[in-house]
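Colleague: I would like to learn how to read a few features of a model like this one. Could we take them one at a time?

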Amino acid sequence: MASEKSRVLVLGGTGYLGKRLVKASLRQGHPTFVLQRPENCMDINKIQLLLRLKKHGAKFIEGSLSDHESLVRAVKQVDVVISALSSSDISTTATQLQLKIVAAIKDAGNVKRFIPAEFCIDPARHVHGLEPAKTLNVHMMDVRKAIIEANIPYTSIAANCFAGYFVPNLCQLGSLLPPKDNKVSIFGDGNAKAIYVDENDIATYTVKTIDDPHTINKTLHLMPPENIRSQNDLISIWEKLTGKNYERSTISGEDYLAIMNGANAIIQFGITHNYPIFYEGGYLKSFKLKEGDEDATKLYPDVKYTTVEEYLKRYA
């Protein structure tokens, strides 16, 4: 007789990744709940999305991240908690919210797995020397430390680069769509490799870990072999798909960082987060899995991930 599937609560279930996590959890047969927060009761877009998720089978649990007792009550109704709150917010408030979730899980005492809101390049590996990305890295490690100190079983997801933010635009700044003028900027020599992962695949792999003892208190690295690509690779694939040739111009590291001058906080974060990816030899230059790491594609070979070529075909 098959074991009963874990009950899953997704925090941030109406967000960019959160809605995908909800759907992936339902597809894999888990009773799935979304935290219905009173602070969102006047957000028509989120309400409509909640109703669509309900049609897929999701259920709602009322609770607030600012009300500890309501959050504890919500957590007590499930086995697994996934936080899909934005991990790109460097504010102290965002970190405090994550720590409130940790505190609620600790007090509830019943959660058998917590997946925190990281979903990026592993903060324990991807050490930033530039602000504001450096601060975000520190905050994520503070939350991870709190999880470990609270003795909460966890799995961290090193999702690497969300394909939607890097692949269609060929890593260009200022747009998430393919370049229209047949010109592209190359960062460094364009040969530094990064790992680009379809957001639906991130959700699928994440949910796979829920009842898997191999991933308890470990970091799952999403490393689809066909998606370990350089910027030049992406451009060449796009040229092949469209039959166009792109004029390439190089941007030095100094000029790349200079884009931050006068830019808003989101652009500044993006520049400092991406700098180690495109410059300094790339963050994969000396990367190796170590104790406490798992490779998602080897652990779950049944998952047919989306390749960067398949991702780009949507835009061709």
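Modeller: Start with contact, which here means heavy atoms within 4.5 Å. The model is predicted. In it, Lys-19, Val-22, Lys-23 and Leu-26 of α1 meet Leu-49, Leu-53 and His-56 of α2.

Colleague: At what angle do the axes of α1 and α2 cross?

Modeller: The axes of α1 and α2 cross at roughly 10° and come within 10 Å. Angles under 35 degrees count as roughly parallel, so α1 is roughly parallel to α2.

Colleague: How do α1 and α7 pack?

Modeller: Their axes are 8 Å apart, at an angle of about 50°. That makes α1 oblique to α7. On the α1 side the contact is made by Arg-20, Leu-21, Ala-24, Ser-25 and Arg-27. The α7 side gives Glu-199, Asn-200, Ala-203, Thr-204, Thr-206 and Val-207. The crossing of α1 past α7 is right-handed.

Colleague: Which residues have the most contacts inside the largest nonpolar core?

Modeller: A nonpolar core joins buried residues of the nonpolar kinds through side-chain atoms within 4.5 Å. The largest one here has 35 residues, and Ile-82, Phe-119, Ile-202, Tyr-205 and Leu-222 have the most contacts inside it. Among the elements that give two or more residues to this core are β1 (8-11), α1 (18-27), α2 (44-56) and α7 (199-208). Apart from it lies another core, of 28 residues, including Val-167, Trp-238, Tyr-311 and Leu-312.

Colleague: What is Leu-222 in contact with, leaving aside its neighbours within four places in sequence?

Modeller: Its partners include Ile-157, Ile-195, Val-197, Ile-202, Tyr-205 and Ala-296.

Colleague: Last, the backbone. Which residues does a cis peptide bond join?

Modeller: Most residues other than glycine have a negative phi, and most peptide bonds are trans. Here a cis peptide bond joins Glu-131 and Pro-132, with omega about 10°. Pro-132 is in the loop between β5 (113-115) and α5 (133-149).

Colleague: What is phi of Cys-171, and what is phi of Asn-182?

Modeller: Phi is near 70° for Cys-171 and near 60° for Asn-182. Cys-171 lies in the loop between α6 (163-166) and β8 (183-187), and Asn-182 lies in the loop between α6 and β8. Cys-171 is buried, with a relative accessible area of 4%, whereas Asn-182 is partly exposed at 27%.

Methods:
Residues are numbered from 1 along each chain as its sequence is written. This is a predicted model: local features need pLDDT of at least 70, side-chain atom pairs count only at pLDDT 80 or more; totals for chains, interfaces and linings use all residues. Side-chain values use heavy atoms; hydrogens and water are left out. Buried means under 20% relative accessible area, exposed over 50%, partly exposed in between (1.4 Å probe, protein chains only). Helices (H or I, at least four residues) and strands (E, at least two) are DSSP runs, numbered from the N terminus. Axes are lines fitted to C-alpha atoms, for helices over the stretch in contact, and angles run from 0 to 180 degrees between N-to-C directions. Angles under 35 degrees count as roughly parallel, over 145 as roughly antiparallel, 65 to 115 as roughly perpendicular and the rest as oblique. A crossing is left-handed if the near helix is turned anticlockwise from the far one by less than a right angle, and right-handed if clockwise.
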